[in-house]
Amino acid sequence: MGKLQLTCFGARGSVSVSGKGFDIYGGGTSCYVVNFGKNRIFLDGGSGMVDPKTGDYSSQGTDEIVLITHMHLDHIIGLPYHDGLMLKDHKVTIYVPFEPWVEKLRTIFSPPFWPLELTDYPADVSIDVVPDSLDIDGCRVTHIVGSHPGKSLVYRLDYEGSSIVYATDYEHDNGESDERLIQFAKDADIMIYDGSYTPEEYIKFKGYGHSTPQKGAEIAAAAGVKKLVISHHAPDHDDDFVRKMENEIKPVFENVVFAYVGMEL
Ligand SMILES: [Zn+2]
Ligand SMILES: [Zn+2]
C-alpha cells in the first residue's frame, strides 16, 4: 500500500529568519513537499522552497503540483526560485484558491516587481484555480475555506488510506470554522496546524489569523487526528522558545511535533 510521505522545507511564519537561534526549526517560510508513488505535491511556496533539496529530481519528468493556501508573501515568495521552473520538458501547475488571484500572482512575479513572469521560465508552468476536487494519480485533493484575513484554504490529501490535512494561517474560534475543520480533518493521519502563538500572545494578536498549539491539540483530538504537526512558528520565537512551546503541549497531545526543516514523516 502506498503512503503519503511528508517533508518540511519551511515551517516559519510571516517572514524568513536566519542566524543563531534558528538552526533547529529553521528560518524558511511555509513549504512542505508530499511524495507518493512517482508524484510530488508542494504545499505552499514560501522561502523554504529555495532549499536546494526541493530540486532533487530523482523522479524527474513527473509533473509537479503546487497548492497555494493563500497569497500572503510568506507562502509564495519562494516560487520564482524553485529549481523545477528551470527544467525543460517539465510541467509545473500552480493552483491558487480563487480566480482573481491567478492574475494577481502573475502580477506579483512580473516587472517591475520581478524580472520575468513565472510562465517565462524553461519549464511548462501554468497558474490555475484549484478545482473543488482534484485527482492526481490516485491522490484526492480537497479543500475548505479556513479562517484568515483575506481567506486561506485548508487542504486535505487522501491516498490509499493515508491522509494529510494542511491547516496553516488558520484562526480558531471564528464562527463555525472549528467545527468545519474538525469534520474536514476527521481521522487524518497528519494535521499540520498553525501554532504561531502561545495562548498569552494570542490575546494580543486576536484577529491576525493565527492560532495556538493548544487549540490545535483540541481540534486534533476532536477530529481523531493521529499526528499533530505544529507549523508557522513566529519569527521572534527562537529555537529555545519553540522547544519550550513543544514541551508544554506534549502532555496535552502526546503525538505532536513542531515542524522543523528536514522533518520527514
Ligand atoms: Zn503565513
Ligand atoms: Zn497569511
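This is a predicted model: local features need pLDDT of at least 70, side-chain atom pairs count only at pLDDT 80 or more; totals for chains, interfaces and linings use all residues.
Student: Where do I start? How many helices and strands are in the protein chain?

Tutor: Count the elements. The chain has five helices and 13 strands.

Student: What does the radius of gyration say about the protein chain?

Tutor: Compare it with the value for a compact globule. For 265 residues that value would be near 18 Å, and the chain has 17 Å, so the two agree. The C-alpha trace spans about 50 × 40 × 35 Å along its principal axes. Buried residues make up 46% of the chain.

Student: How do strands pair in a sheet?

Tutor: Through backbone hydrogen bonds, either parallel or antiparallel. Here an open sheet of seven strands runs in the order β7-β8-β9-β10-β11-β12-β13, with mixed pairing. Strands β7 (133–136) and β13 (256–258) stand at the edges. Each has a single partner strand, so one side of each lacks a neighbour in the sheet. From one strand to the next, the twist averages 20 degrees.

Student: In which sense do β11 and β12 pair?

Tutor: Parallel, over five bridges. β11 covers residues 190–194, and β12 covers 227–231. Ile-192 stands opposite Val-229 in β12.

Student: Which strands does α4 touch?

Tutor: Helix α4 packs on the sheet and touches β11, β12 and β13. Its direction makes about 155 degrees with that of β12.

Student: Take Pro-213 in that helix. Is Pro-213 buried or exposed?

Tutor: Count the C-beta atoms around the residue. The cut-off for buried is 20 or more others within 10 Å. Pro-213 has 26, so Pro-213 is buried. Beyond its neighbours within four places in sequence, Pro-213 contacts Gly-195, Ile-230, Met-245 and Ile-249.

Key: Residues are numbered from 1 along each chain as its sequence is written. Chains are lettered from A and ligands numbered from 1 in the order in which they are written. Helices (H or I, at least four residues) and strands (E, at least two) are DSSP runs, numbered from the N terminus. A residue is buried if 20 or more other C-beta atoms lie within 10 Å of its own, exposed if 12 or fewer, and partly exposed in between; C-beta atoms are placed from the backbone. Two residues are in contact if their C-beta atoms, placed from the backbone, lie within 7 Å. The radius of gyration is taken over C-alpha atoms; the globule rule is 2.2 Å times the number of residues to the power 0.38. Two strands pair if DSSP finds at least two bridges between them. Axes are lines fitted to C-alpha atoms, for helices over the stretch in contact, and angles run from 0 to 180 degrees between N-to-C directions.
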